[in-house]
Structures are given as C-alpha cells and as structure tokens.
Amino acid sequence: MKVLGAEEMQACDRVTTERYGVPSIELMRAASAAVDAFAREQFPRARRVTVLCGRGNNGGDGMMAARLLSKAGLEVTTLLLGSQYELKGDAATAWRELSLSPNRHLYEVNSAAELKAHRAALVTDLIIDAVLGTGFKPPMKGMALAALEWARTSEAPFLSVDLPSGWPADATTSKLAEDTFPSDAVITFTAPKPAHVFGELTRHWDQPVVVAPIGSPEEAIVSELGLSWAGASHALVEQPRATDSNKGKFGHVLVIGGSVGKSGAPAMTSMAALRAGAGLVTAAVPSPIVAQVSGFAPELMTQPMGASPTGELASKAVTAQQFQKLIERKTVIAVGPGLGQGPGVEILLEAVLSDTKLPIVIDADGLNTLAANPFLMEKLTEVAKAGRTVVLTPHPGEMARLAGKSVEEVQKDRLGTARGFVRAHGVTLVLKGSRTLVAHPDGRVAVNTSGNPGMAKGGSGDLLTGVIAGLLAQFKDDVARAVEAAVYLHGFAADLAVCDADERTLLASDSLKYFSHAFLFRPLRFPKGHPRGYVWLQGLQSAGSTGVRSAEATE
C-alpha cells in the first residue's frame, strides 16, 4: 500500500474526479459514510456526539458524518468553526444538507468566547475532530487553536478524521512539539500519509488507525515518495497451501549462531523460522550447546560445530569442505544470533559471503563483525550488488556501527540513513525500532506499524531473524514482500501476546504462541455498515482501550 504526501493526495482526489469521472461530492459522501460506520463500531456506547468542523473539506466530511450519525439515532451537536458564508464547494453542500436534516443541533462559532458558551457540548460520549485535514501546515492558529484549548477540557474520547488536527500529513517524526488534538482513533481515506505510518497519532499504541477506500481507482493513487506500508505484504501468507504440499516445498533454513551462555538466541531464531512455515530448520551451533538448543523442540535439527575454549565458534570450526556439506540442500542461511565475535566468526562470514549464493540474513554478532571488518563489508557489497539476496537486521546501535555514525545521528534521520545505506551496499535493510523500516536496494522503504514496547527485551531480534529466514525459504522469488511480511507478522504476534500479559512481563518467546493468530489476521476488515472495508494500520482493541507506550522501545 503506497504512502502519499499531502499534495499527492490532493492530486489523487483531483484525478479521480477529472479523469475517472467520480464527482468530488461522492468522495465526500463515501468518506463520511466510513466515519459514521467506524465511529459506531469503535464507540458503540456513544449516544451523544460532538462534531467539530473546520471550513474546508475535512469539515465537510465531519458535517456529512454528523447527519448520518443523527439519522442513526445518536444525539449529535455540530460546531462549525467559522461562518457558513465562508464555506465553499462540497463543504458548503455538506452544510446545506446538514442544516435541512431533522434532529440537528448545529451552531456557527466565530470566536473563542462563543465557543466557551457551548460548555454543554463538552459533556459528551465522543468528540469527532474534523477541524484540519491533510492540507494543514503549521502553526495552528485562530479558531482551530481556540477549539483545541476548549476541547482539551473534555473527558470524552476523540475520533480524528484524516489526522489529529495540528499534525502535518507529511511529518515523518514519531512525536511533535507543536500542539495537536488528542486522538483515540484515526480514520483516513484512500491511502496513508507519512504521518499515519511514522507518527504516534493516538494516545496509546493499541488504539486504531485505519484507511478507508472511498472510490479512487488504483491508477489514480500515485506517489513519488517511495514509501509504503509493510503490513500490506501480509497478503503473501494469506493464500492456503496446496493439498499436495510437502516439507520440501517450503525450504530448509540453516541457522548459524550461539555460544556458551547464549544458546537461547539460535534456538529462538530456529523456532521462529519453523513457526513462520519453513519446511525444515537446522541449527548449526558450537558443540557444547547442542543439547540445550535441540531441547527447545523435537522438530528442530542440530549440527554441532567446533568450539573454542571460551565456548564460541572455533577459528577452524568449518573447513571449506565442511562448509559445503553444511549448506547442502539448504535454502536460506541466517547467521549471527548469539554467535560472539571471536576469530571463527570472521572466517565463517567470509565463507558465507564467498562460497555460496544462497540468500542470507545477518543479525547481531554477524553485523558487529561486518562493521569491524572493511574487507567483509566490501565483499558483502560486491555480492549484494551482483544480485544476491542479503538481508541485514540492525537495531540503532548496530546501524550506527555499520554506517559509521552515532546512534543519535541514526535516530535523527532513520529514513535517510536506511536509504543511503542500501543504495551504497545493495542490501535489504531492516532498521529496527518503534517504526521499523524495511529499505530495499532500489531505495523504496516500507514502514511497519505493528509492535509494542513489550518487545524491548532480549530475544526479540532473534525471533525476527527467524521469521525473515522462514518466509524467505518459502518465497525466495518475492524477497521484498517476504521481508516486509515477516517484520509485520513479528510485531503483530507480539501485539497479540501483550493482550494477555503486561508489557513489562512479556518475553520474546511468548510471541511464538501467537504466530498462528498473526498469520490468520486480515488487515483488510469489513465491519457492518461499510462494504468497502478498512485497512487496519494500527491497533487491536476498541478505541477506548488503554495502555502505556514508549516510542523509544527497541531491543
């Protein structure tokens, strides 16, 4: 699913009308119908609703939604921030239709003093924010700012139409210093904007952000941003398997990792690859920890490797002949979890890069060894630019070492850092964080919106490496979507897991039990009253749910 900038969204609406013959008023009607259905689905106990409307098309969406909510039997108060005579086009039409509808409580508010006179509208079950839309550019001022100060005193939840008013559509930061309306649910239309995938728009991470199709054809949805939503690749795993399937059709993942004291890392990576659907998984680990790793599951195969006196991979652990035997009939190699950084790791990575053309996923100590060895980085770039599938999965600290930057520099420009790195080295990069980025060799970036602060614990990255390897084993000809789907599924399984646990107590391995549910989930949902459905970008529970979110949470 493409991410559109504010001007691109306006162009999409214009093209939909001028080239494809869909009247703009019909787009507004479809948007308002989506708001109506979504509001009643997410806030089923709301009987009193206050709708705050600006003078643009966002306000028009709100006015039309107000009429539909009133028609459904709710007690609706609509406040227009300004004069009806300032309305133009479709917004003016929306006002006329609302003013002619029965059971209306419709008011024009032209000053902060007049707004304060409507204290009764604050005592409500839901406030719909339709003040400012995608065309907004900071700073917020005038009646919009007055409305923010007025609305903040209400204890009611907020439903944002398009965006929380005050949040620029093109913002790529997780938080804003500027004033914005609070939000407990967000519904936007046609396509997400950068703010929807990068920003923490709602008060809690588990509250919904959805996209409602309203009639624009796919041909009209055009963007030059090179951004997309990672969750759309979930479709890759939604098709049932053929009835004549066998394990050989779904690949054989080789996980190389582990050391004494870190047997859990390769074991979790291997289990995640199995849970992700790989037909076979073999964990190649130093011999002292073979029994521990094999004890994780009877389905997991193991291969002992030579160990140094410290329990890490020995420098002579794998000869060229042994390595060829190790990778025989394998589909994907995942290397790094718990491996340590001894001399054997450098030799191993050189073999992985030079002596096979299999797809590779490199994480943890594999990344640290790469960053410390210019020769290996050169070799990695050479094979990746020659067309081999190479996936790196750094957290911000590892990314800083790989890119020769500070962690602060990486975090300040995650998007630019990721794009610059993949263009220089030809790899697929998974830059982990509260909005994990999947950057592809051509510079396209998919943004992931699943995941929660409970994942800020050791082992989360090991699971992700396994899910990526497991999906690559099954979909090696669709690398981009396989990696994006893996990142989304990994985060979403943790979202499901934390529903049954506190974020503080969640273990990475707890998520394994929820992989099946994550695979079964469908991001495109069809609630009653909205035949076009919604694409669920974020959120699990009703909009009134509560939680505690830390944007900086990462392993």
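**Sheet and helix packing**

Ala334 stands opposite Val361 in strand S13. The model is predicted, so local features need pLDDT of at least 70 and side-chain atom pairs count only at pLDDT 80 or more, whereas totals for chains, interfaces and linings use all residues. Residues are numbered from 1 along each chain as its sequence is written, and side-chain values use heavy atoms, with hydrogens and water left out.

Strand S12 (residues 332-335) and S13 (residues 360-362) pair in the parallel sense over three bridges; helices (H or I, at least four residues) and strands (E, at least two) are DSSP runs numbered from the N terminus, and pairing requires at least two DSSP bridges between two strands. Helix H8 (residues 264-275) packs on the sheet, touching S9 (252-256) and S10 (280-286), and its direction makes about 175° with that of S10; contact means heavy atoms within 4.5 Å, and angles run from 0 to 180 degrees between N-to-C directions, with axes fitted to C-alpha atoms, for helices over the stretch in contact.

The sheet itself is open and mixed in its pairing, with ten strands in the order S8-S17-S16-S15-S14-S13-S12-S9-S10-S11. Strands S8 (227-229) and S11 (301-305) stand at the edges, each with a single partner strand, so one side of each is left without a neighbour in the sheet.

Elsewhere, the axes of helix H3 (residues 57-71) and helix H4 (residues 89-99) come within 8 Å and cross at roughly 20°. That makes H3 roughly parallel to H4, a term for angles under 35 degrees.

Technical notes:
Angles under 35 degrees count as roughly parallel, over 145 as roughly antiparallel, 65 to 115 as roughly perpendicular and the rest as oblique.
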